[in-house]
Amino acid sequence: MSRAISDEATIQWYPGHMAKAMRRLSEDMHLIDVVVEVADARVPEAGTNPVLAKIIGNRPRLLVLSREHVADPALTAEWLADFGSRGRVAIAVDAKERAGVTRLRAAFEKLGEGRRSARAIVLGIPNAGKSTIINAIVGRNVARAEDRAGVTRSRQWFRVGTGLEIMDTAGILVPRIDTPDSQWKLAMIGAVPRARFDAEDIVTRFHRWAIAADPQTRVQSLETFAQSRGFYSRGTILNTHNAAWAYMKDWSDGKFGRMTLETPPEAP
Ligand SMILES: Nc1nc2c(ncn2[C@@H]2O[C@H](COP(=O)(O)OP(=O)(O)O)[C@@H](O)[C@H]2O)c(=O)[nH]1
Ligand SMILES: [Mg+2]
């Protein structure tokens with residue numbers, strides 16, 4: 001696996017302020033006692049940043065796999081077992097659904113166990129579900145729209161349960177894009193600014209992966225999708241450009257079924 005590409009490619013794909021935000025985050029970590037990491041359940045590997053471990057040291061840490069309802073349930077179970085086998089506390093939730101919120105709160109409150117007071121921050125890559133998770137934990141809409149890193153400039157903390165406080169602004173992590181195919185995977189889950197990629201290329205890569213993973217897949221090619229949905233320009237020309245964005249939206253909404261883009265490493 002190439003290491004050399006990672007930094008440069010990351011900077012091209014993500015605005016420079018994000019790398020800066022991550023540096024600020026590590027400087028401010030002394031204000032934080034416990035960490036909630038959020039990652040989309042469809043990309044448990046590409047959606048997490050291994051550098052995070054260095055930033056947070058040995059603070060208690062909970063991994064929340066979000067959007068469980070659109071991920072493959074069997075693979076989610078495998079991923080949770082995999083994280084568990086590596087000593088990680090992880091749960092998968094639909095944070096927009098009552099049972100998910102209840103489990104999320106219970107897991108969060110456990111993070112504060114044995115402490116008289118603890119300050120928590122939610123961290124994750126763009127679009128991971130950070131604001132949704134903060135709001136679910138607090139029980140109302142308190143999360144600021146804009147994510148930052150830089151704890152010191154954040155003013156609002158919300159008390160949850162006994163002794164725990166959670167910050168209203170999530171910290172942003174830059175994904176590390178050196179796992180195989182991580183670029184199209186991150187684009188498919190909405191973690192990459194739209195201006196930075198070509199949707200047709202991403203959808204084509206996704207479709208290629210889907211057929212390789214399951215020759216019987218009901219995932220459509222971009223062309224078939226465009227035809228069946230009537231994406232034509234001037235009557236007859238297939239408009240795969242517009243179709244690609246609609247395709248990504250449908251996929252994101254789970255309309256192709258529940259799918260996870262990564263499988264855990266084989267147990268040794
Ligand atoms: N149903 C559902 N939607 C989610 C979940 N997590 C995130 N979303 C949706 O995904 C979008 C982005 O989530 P957001 O919390 O803003 O991501 P952030 O950029 O990490 O703060 C929003 O429309 C959320 O409603 C989840 O667990 N379940
Ligand atoms: Mg947000």
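The following legends describe close-up views of a predicted model.

In this predicted model, local features need pLDDT of at least 70 and side-chain atom pairs count only at pLDDT 80 or more, whereas totals for chains, interfaces and linings use all residues. Residues are numbered from 1 along each chain as its sequence is written, chains are lettered from A and ligands numbered from 1 in the order in which they are written, and side-chain values use heavy atoms, with hydrogens and water left out.

**View 1. The residues around ligand 1.** Ligand 1 is surrounded by 14 residues, each with a heavy atom within 4 Å of it. The closest are Asp-94, Ala-95, Lys-130, Ser-131 and Thr-132. Helix α6 (residues 130-138) supplies the largest share of this shell, three residues; helices are DSSP runs (H or I, at least four residues) numbered from the N terminus.

View 2. A polar backbone atom of Ala-95 is 2.8 Å from an oxygen atom of the ligand, and a polar side-chain atom of Lys-96 is 3.4 Å from one.

**View 3. The crossing of helices α5 and α6.** The axes of α5 (residues 98-111) and α6 come within 9 Å and cross at roughly 80°; axes are lines fitted to C-alpha atoms over the stretch in contact, with angles from 0 to 180 degrees between N-to-C directions. The two helices are therefore roughly perpendicular (65 to 115 degrees). Val-101, Leu-104, Arg-105 and Phe-108 of α5 meet Ile-133, Ala-136, Ile-137 and Val-138 of α6, contact meaning heavy atoms within 4.5 Å.

Methods:
A polar contact is a pair of N or O atoms within 3.5 Å; within protein, one must be able to donate a hydrogen and the other to accept it, and residues adjacent in sequence count only if both atoms are side-chain atoms. Angles under 35 degrees count as roughly parallel, over 145 as roughly antiparallel, 65 to 115 as roughly perpendicular and the rest as oblique.
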